Amino acid sequence: MASGIIFTVAATDGRARTGVLKTPRGEIRTPAFMPVGTAATVKAMLPQSVRATGADILLGNTYHLMLRPGAERIARLGGLHRFMNWDGPILTDSGGFQVMSLAALRRLDEDGVTFASHIDGSRHRLTPERSMEIQRLLGSDIVMAFDECPALPAPEEAVAASMRLSMRWAARSREAFGDRPGHALFGIMQGGVTRELREESAAALRAIGFDGYAIGGLAVGEGQAAMFEVLDYAPGLLPQDRPRYLMGVGKPDDIVGAVARGVDMMDCVLPTRSGRTGQAWTRRGPVNLRNARHAEDPRPLDEACTCPACRGYSRAYLHHVVRAGEMIAGMLLTWHNLHYFQQLMQEMRTAIAAGRFAAWEAEFHRLRAEGDIEPL
Ligand SMILES: [Zn+2]
């Protein structure tokens with residue numbers, strides 16, 4: 001592993017594990033949930049507020065930042081940490097996934113991908129080498145290899161061809177990344193829902209050698225059952241002593257199922273995006289604050305939650321500001337959702353360390369099955 005980045009598994013319980021990933025910018029407790037700071041901001045949150053929810057690390061998006069304000073500009077302004085006022089670790093994606101999901105006029109070739117910006121139509125090109133350069137300019141602590149990720153379902157031949165291209169790009173990413181003490185490079189396993197392709201991809205990545213390994217190409221339309229089927233074996237194909245990162249996951253029950261299967265890190269826009277549309281996530285499942293049942297409810301969203309939204313405000317107030325389109329609605333619900341997701345991770349870390357993850361997981365599902373508190 002690159003010097004300055006050390007991963008230690010402190011305890012395992014079944015396939016679940018807890019540990020710490022040490023970086024020069026701070027420690028990341030695992031299993032870890034990474035809030036998404038797409039455009040150099042976790043929307044509706046100050047960085048210190050994100051930290052207060054318990055987040056150790058943020059995710060930044062190469063695609064968005066390269067288009068606006070531009071990687072070279074961020075580098076001239078001191079790098080992404082200074083630019084967005086977050087001094088903890090930052091993981092950046094490679095840009096590949098978002099080019100495929102957001103950009104127009106994409107043209108994929110062996111060397112890379114050419115595309116038009118979704119903002120102004122300007123033309124850009126990403127290659128493994130350019131992606132490594134952009135992530136270096138941003139100052140990312142954990143850099144992701146450049147890959148291509150097909151949406152599922154897709155024909156197996158297409159998934160296989162895409163995976164093999166991603167493995168060639170992984171080798172080029174490793175070469176271009178070079179030796180950067182204090183910074184880690186993660187490879188990304190692809191192969192859709194086909195075990196043989198996942199095995200081939202894992203073997204290719206292990207041969208190249210990375211500081212950590214992501215499981216990519218999931219949570220792209222295959223459904224939870226198919227995702228868990230892959231997660232039943234995929235983490236075991238990767239080195240035991242390196243962190244495993246499941247990209248783009250997910251809902252609380254996806255997260256818990258992934259941790260149970262040996263995943264160490266995850267990211268998702270769900271808590272932040274939901275928070276801006278009036279949806280809250282609680283121990284008892286999702287709650288839509290827009291719903292009229294909350295209009296005169298003086299109780300907090302979750303009486304056991306210690307976040308500012310739950311300590312200071314009623315469901316009636318949250319309902320009112322959501323309906324009125326007030327900015328504080330997105331601020332409070334984003335804070336609550338991030339707090340809940342981080343609370344979930346902390347509970348799992350504690351349960352794994354104590355060897356009682358299965359009992360914790362049963363209680364997690366029992367509370368969710370109860371559903372939201374009864375209306376008054
Ligand atoms: Zn709360």
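The legends below describe close-up views of a predicted model. Local features require pLDDT of at least 70 and side-chain atom pairs pLDDT 80 or more, whereas totals for chains, interfaces and linings use all residues. Residues are numbered from 1 along each chain as its sequence is written.

**View A. Domain 1 (6–268) and domain 2 (278–370) divide the chain.** The bounds come from an automatic or database domain assignment. The C-alpha centres of the two domains lie 27 Å apart. Contact (C-beta atoms, placed from the backbone, within 7 Å) joins 25 residues of domain 1 to 21 residues of domain 2. On the side of domain 1 that touches domain 2, helix 10 supplies the largest share, five residues. Helices (H or I, at least four residues) and strands (E, at least two) are DSSP runs, numbered from the N terminus.

View B. Two strands pair if DSSP finds at least two bridges between them. Strand 7 and strand 8 (residues 113–116) pair over three bridges, and Ala104 has Ala116 in strand 8 as its bridge partner.

**View C. Met266 and its contacts.** Leaving aside neighbours within four places in sequence, Met266 is in contact with Phe33, Met34, Leu246, Val249, Gly250, Ile255 and Ala258.

Definitions and conventions:
Contact = placed C-beta atoms within 7 Å.
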